[in-house]
Amino acid sequence: MTLRLGDTVPDFTQNSSEGEINLYEWAGDSWVVLFSHPADYTPVCTTELGMVAKLKPEFEKRNVKVLALSVDDVDSHKGWIGDINETQTTTVNYPILADPDKKVSDLYDMIHPNADNTLTVRSVFVIDPQKKLRLVLTYPASTGRNFDEILRVIDSLQLTDDYKVATPVNWTDGGDCVIVPSIKDPEELKERFPKGYEEIKPYLRMTPQPNK
């Protein structure tokens with residue numbers, strides 16, 4: 001199955017290191033970051049899972065729940081969590097899905113046969129509270145992910161959902177934003193952007209971040 005941005009993501013029920021999880025029920029009204037790992041006891045994944053545990057308060061500030069996945073079983077996950085906690089000086093504080101039957105991996109197209117026909121690639125899915133897919137990032141198994149970038153994208157998605165702006169290159173929270181081209185009326189511009197804006201070109205107008 002190929003998932004595209006804006007699609008409603010498929011629901012599933014699967015066992016995890018914290019018991020059985022039904023995605024829709026577990027997510028509730030939160031955003032979700034679902035991210036996959038090639039296998040347990042792999043070095044790059046160990047560093048990633050440790051970093052996400054440390055960043056969990058940042059995800060929670062954004063109303064985001066994090067959910068990892070590896071194709072190994074729960075007993076394997078629990079042993080691996082001990083290693084992660086020890087080597088990354090943290091405590092894994094979120095569930096890791098067990099996917100030995102590859103049900104979720106297949107649902108979310110996490111196995112790319114030309115890269116590896118048995119292991120999942122490093123995929124990241126950002127899912128909004130309406131269960132719509134908002135972001136997909138896919139990394140090769142050899143490259144660890146940048147979770148600061150994932151937080152940055154979530155900041156952008158949540159901002160642009162609420163205001164008629166887009167975020168420019170290398171934007172981070174607090175930076176100037178782009179006014180969407182569809183807004184033309186001067187009165188609407190004044191009402192929506194009381195901090196003012198700079199018109200660089202008719203289609204390129206910059207304004208201070210509206211919610212700061």
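Let me start with a strand pair: β3, residues 31-37, and β6, residues 122-127, pair in the antiparallel sense over four bridges. Within that pairing, V33 stands opposite V126 in β6. Before going on, please keep in mind that this is a predicted model.

Now the sheet around that pair. It is an open sheet of five strands with mixed pairing, and the order is β5-β4-β3-β6-β7. At the edges sit β5, 96-98, and β7, 133-139, each of which pairs on one side only. On average, and ignoring direction, neighbouring strands of this sheet are turned by 20° against each other.

Next, what lies on the sheet. Helix α5, residues 147-162, lies across β3, β4, β6 and β7, and it runs at about 150° to β3. Helix α3 lies across β4, which is 64-70, and β5; its direction is about 150° to β5.

On to helix packing. Two packed helices are described by the angle between their axes and the distance between the axes. For α2, residues 43-61, and α3, residues 74-88, the axes come within 9 Å and cross at roughly 75°. An angle of 65 to 115 degrees counts as roughly perpendicular, so α2 is roughly perpendicular to α3. On the α2 side the contact is made by C45, T46, T47, L49, G50 and K54, and on the α3 side by W80, I84, T87 and Q88. By type, the residues of this contact are four nonpolar, five polar and one charged.

L49 comes back in the core. The largest nonpolar core has 27 residues, and those touching the most other members are V33, F35, L49, F59 and Y94. Elements giving two or more residues to this core are β3, α2, β4, α3, β6 and α5. Apart from it lies another core, of 18 residues, with L3, L34, L69 and L133 among them.

Is Y94 buried or exposed? Its relative accessible area is 2%, and buried means under 20%, so Y94 is buried. Y94 and L49 are 45 residues apart along the chain, and their C-alpha atoms are separated by 9.5 Å.

Conventions: Residues are numbered from 1 along each chain as its sequence is written. This is a predicted model: local features need pLDDT of at least 70, side-chain atom pairs count only at pLDDT 80 or more; totals for chains, interfaces and linings use all residues. Side-chain values use heavy atoms; hydrogens and water are left out. Axes are lines fitted to C-alpha atoms, for helices over the stretch in contact, and angles run from 0 to 180 degrees between N-to-C directions. Angles under 35 degrees count as roughly parallel, over 145 as roughly antiparallel, 65 to 115 as roughly perpendicular and the rest as oblique. Contact means heavy atoms within 4.5 Å. Ala, Val, Leu, Ile, Met, Phe, Trp, Tyr, Cys and Pro count as nonpolar, Asp, Glu, Lys and Arg as charged, and the others, Gly among them, as polar. Two strands pair if DSSP finds at least two bridges between them. A nonpolar core is a set of buried Ala, Val, Leu, Ile, Met, Phe, Trp, Tyr and Cys residues joined through side-chain atoms within 4.5 Å. Buried means under 20% relative accessible area, exposed over 50%, partly exposed in between (1.4 Å probe, protein chains only).
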